[in-house]
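Take a look at the structure, then read on.

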Amino acid sequence: MPTFPESYWRKYPLPIFNKLTEDQTFDVAIIGGGITGITAGYLLAKEGVKVAIVEAGRILTGTTGHTTAKITAQHNIIYDELISHFGEEKARLYYDANHGALNFIRKTIQTHHIDCDYSDQDAIIYASTDQGKVKVEKEAKAYQKLGITSTTVNSLLLDIDIQNGLVMHNQGQFHPLKYLHKLVQLFVEAGGTIYENTAAMDIDDGERPQVMLRNGKKINCDYIIAASHFPFCDKKGLYFARMYVERAYILAVKTKKLFPGGMYISADSPTRSLRCTPMNGEELVLISGDGHKTGQGIDTLKHYQALEQFGAQVLGIENYLYRWSAQDMYTLDKVPYVGSILESQPRILIATGYRKWGMTNGTSAAMLLKDTILDKVNPYKDLYSPHRFHADPDVKKFISTNLDVAKNLIKGKLEFIPNHPDDLENDEGSPVMVNGKRAAAYRDMEGKLHLVDGTCTHLGCEVEWNHGDRTWDCPCHGSRYSVDGEVIDGPAVKPLAKLEE
């Protein structure tokens, strides 16, 4: 297993953009340089809108740079649940939105001749247990109700015994950074501006919104799009209480057996997902899954080991090249929030909650955001509205999610911490006690101690050590920090304070 996590996609070189160092004015400011922000920026710039994309670090290094990059409307088991909660009409709209995103990506690749390792692939959900079999049967019936072309199967071209499977044909996969690099080029050619290493901290929601930056500068604009994975500014929308965060894990390996093609995902838990991608004339197989709530559960290194064991059983592992993890938001009803952050603030727009299916959900969100700003009709506006609320399942999920938050908040405050920084071995991290207070300590491979305040700067929960990725993760709302306290993932926007032993 590689010592440190590293995404295969991020090996692809990207252009470097300057920091914002002076106050600026644009028609639209987009916070977040992932698939949603870049696609929305590209679409708006094509229409003559003056747009800036602002990224706290480097573009395409967040969730988009850590995806499995399946481009599909088959989002595991979802359509039976959508029909149950919302009815067939809205379930069909969800499919149409994501199928439309797939077609948009295909057309964009063809129009601009983008070399991004794109290929058409079948997407297959499979079940290996009786419980999973029932889920797949119900999902197949949902496909029939919605008119989704599909095939049921009883075996796979993989060494996996299954009860049944469901195939959604003619889906796609690609190298996400190669694709989005071209959109970045087209965006800049159309007059768009990108600022990297420029962190947004807050929004002044006056008559004309302003993005307030960490360096004290600001961006004046007519519209703000928060495409930063988690809305960096809540504005009393209570999004931290209406979503939860999960991590999943990915291995990139060369296998002993030939991969048969297709994109696979299990209906059973823990999730197992497979696809391959070309790499230097060979095949690189991506094995992913084993998701859990961020900052909670077992030693995270064990999730990588579980996937390694699965890959060895199914395909045999010849060489283990990369490993990384990904983080994504879940809304209460599993449908993304895309639209105005509050009904009273139509010029501040958000896009979040893609549930690990960001290639199509993120693209569809960008198309909706573009239509919103240009005042064009979009059939998916109500479906994705952040202001929707459904008694079932929203109330149950709201209660369970926030009870979990409360449990972890209290646990972190009352937990007995026996460790002192001196107890740590090299390459070991742990909560510790320093001067009678809880802190977060990591001793690196050279023996240097990295000591920070372990209280999350979002809402005050205590962070936990992520052994697999060597980060500090908040179990309440999913904020993540480096060993020196810098924010990796929101909702937190402020770093953890550094401490002296």
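Predicted model: local features only at pLDDT ≥ 70, side-chain atom pairs only at ≥ 80, totals over all residues.

**Strands, helices and a loop glycine**

Q: Which residue is the bridge partner of isoleucine 125 in E6?
A: Strand E4 covers residues 119-127 and strand E6 covers residues 164-173. Eight bridges join them, and they run antiparallel. In E6, isoleucine 125 has as its bridge partner leucine 166.

Q: Which residue in E24 does arginine 480 stand opposite?
A: Strand E23 (residues 480-481) is joined to E24 by two bridges. The two strands run antiparallel. Arginine 480 faces, in E24, aspartate 489.

Q: How far apart are the end C-alpha atoms of helix H3, and what span should its residues give?
A: Helix H3 (residues 88-112) has 25 residues. At 1.5 Å a residue, they should span 36 Å. The end C-alpha atoms agree with that, because their separation is also 36 Å.

Q: Which residue just after H3 takes a positive phi?
A: The place to look is just after the end of H3. There phi is positive, at about 50°. The residue is histidine 113.

Q: Are H2 and H4 roughly parallel or roughly perpendicular to each other?
A: Helix H2 (residues 79-86) packs on helix H4 (residues 130-146) with axes 7 Å apart. The angle is about 65°. Angles of 65 to 115 degrees count as roughly perpendicular. H2 and H4 are therefore roughly perpendicular.

Q: How many charged residues are in the contact of H2 with H4?
A: From H2 come Tyr79, Asp80 and Ile83. They meet H4 residues including Lys138, Glu139 and Ala142. The contact has five nonpolar residues and no polar ones; the charged ones number four.

Q: Is glycine 34 buried or exposed?
A: Glycine 34 is found in the loop between strand E1 (24-31) and helix H1 (35-46). Leaving out residues up to four places away in sequence, glycine 34 touches Leu60 and Thr64. Its relative accessibility is 17%, and under 20% means buried. So glycine 34 counts as buried.

Technical notes. Residues numbered from 1 in each chain as written. Heavy atoms only, no water. Pairing = 2+ DSSP bridges. Helix = DSSP H or I, 4+ residues; strand = E, 2+ residues; numbered from the N terminus. Expected span 1.5 Å × (residues − 1). Axes fitted to C-alpha atoms, helices over the stretch in contact; angles between N-to-C directions. Parallel < 35°, antiparallel > 145°, perpendicular 65-115°, else oblique. Contact = heavy atoms within 4.5 Å. Nonpolar A, V, L, I, M, F, W, Y, C, P; charged D, E, K, R; others polar. Buried < 20%, exposed > 50% of the residue type's maximum accessible area, 1.4 Å probe, protein only.
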